[in-house]
Amino acid sequence: MAGPLPLGDPAPADGHLPDDLPFDASVPFSAYLHIPFCTVRCGYCDFNTYTSTELRGAKQEDYASTLISEIGLARRVLADAGALRPMDTVFFGGGTPTLLPAGDLARMLEAATSAFGLAEGAEVTVEANPDTVTPAVARTLAAAGVTRMSVGMQSAVPHVLASLDRTHRPENVTTAVAAAKDAGLAVSVDLIYGAPGESLADWEVSLDAALALESDHISAYALIIEDGTKLARQIRRGEVPTPDDDVQADMYELADARLAAGGFDWYEVSNWARTPEQRSRHNLAYWRGSDWWGFGPGAHSHVAGLRWWNVKHPAAYAQRLAASESPAAGTERPDAESRTLERILLLSRIREGIAIDEVPAANRRNVAGLIADGLVDPAAAIRGRVQLMLRGRLLADAVVRELTD
């Protein structure tokens, strides 16, 4: 399970939003629907997920109805605040959304669409474990209005999958992608690099396998060791080695080169798409600071600068909603300095970068040094923007420090 929730102010039991929030109807609105169930907990994962033995009274078969109750609450809250807008993007994440029957996912999407409306051309994504995707599942999701499937491939090499505690069969990735495509869905595949025992040659095999799938989008994330995970404990006991930063950098450079040669263009440090239209609009909404409501246990929300997060456990989440109370556990309104830091942190990671005049005045002089170090694009800087070069993507945290410290 994930670590503790953030500290914050108490959230109102009725979910009411402050009357002085600066709502902007032009800001896109998104919905994130968290499905907190997994068959097995992967050793590296610190997401708020639960296996069947950890549910303590919560039932998977009741989950769709419970989450739909939060959708009803959200509609009332946003309508009362004058902030009701159609959804520009919807994302079912987890956990493993496709552990639930496809009909349950369809029912939740129908409830959200009825409550908020769905913008024309909206992007609706479902994350999927390859072992749980059949042609029937893909067709049901497509018929319900899903437009995109994100398949958790992670690796094409069995021993790498085993080191990550991934249980899916590599060949089922091909089957899942084919089922999604046949149903008319756009397809993204997710990869992880830097797992214990993974060589550069192993990573090349996975990249080639991902390219062979001819998907629309590929994400490639460096393995991060999160406190409290099984993998962190294994490293602390000396059972597996700590990921090597230099090897991960080599893997990133290889990914960027191979994906570019395969027709993909980077648009965020860890994400590549064939065309601008095939970028993940939902993730871009996060990076650009749009508004979203996160549904489900442990989910986080952001509306007009206000943030809140739900209770973590599915049983506590269900109990709150059964009592007609908001499941929110806490809330906060970051100050101007915190908002500036976060905006730089997020926008600097995407291809269009951030306007130099959004950087604190005292830090703007550091841009010249970033250019000299090969981290920032000099031509973009002349146009007034900070945009990362390849070396800058590898050292993105260092760039942010120069722009904020």
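Contact here means heavy atoms within 4.5 Å. Helices (H or I, at least four residues) and strands (E, at least two) are DSSP runs, numbered from the N terminus.

I noted the basis of the entries: this is a predicted model, in which local features need pLDDT of at least 70 and side-chain atom pairs count only at pLDDT 80 or more, while totals for chains, interfaces and linings use all residues. Residues are numbered from 1 along each chain as its sequence is written, and side-chain values use heavy atoms, with hydrogens and water left out.

**Entry: the buried side of α15**

I looked up which residues of α15 (residues 396–404) are buried, and found Ala396, Val399, Val400 and Leu403. They lie on the same side of α15, because they cover an arc of only 100° around the axis. The arc is that of the directions from the helix axis to the C-beta atoms.

**Entry: Leu394 and its patch**

I placed Leu394 in helix α14 (residues 390–394). Leu394 has a relative accessible area of 32%, so it is partly exposed. With Leu390 and Leu395, Leu394 forms a nonpolar patch on the surface, and together the three have about 200 Å² of accessible area. Patches are made of residues with over 30% relative accessible area and no salt bridge; like charges are joined within 9 Å, and nonpolar side chains (Val, Leu, Ile, Met, Phe, Trp, Tyr) within 5 Å. A salt bridge is a side-chain nitrogen of Lys or Arg within 4 Å of a carboxyl oxygen of Asp or Glu. Accessible areas come from the Shrake-Rupley method with a 1.4 Å probe; for residues, only the protein chains shown count as cover.

**Entry: Pro22**

I found Pro22 in the segment before β1 (29–35). Pro22 counts as exposed, because its relative accessibility is 57%. Beyond its neighbours within four places in sequence, Pro22 is in contact with Ala304 and Arg333. From Pro22 to Val303 I noted 281 residues in sequence and 9.2 Å in space, C-alpha to C-alpha.

**Entry: the whole chain**

I recorded 15 helices and 14 strands for the chain. Buried residues are 50% of its 405 residues. The C-alpha trace spans about 55 × 50 × 45 Å along its principal axes. The chain exposes about 17500 Å², of which carbon and sulfur atoms supply 52%.

Notes. Buried means under 20% relative accessible area, exposed over 50%, partly exposed in between (1.4 Å probe, protein chains only).
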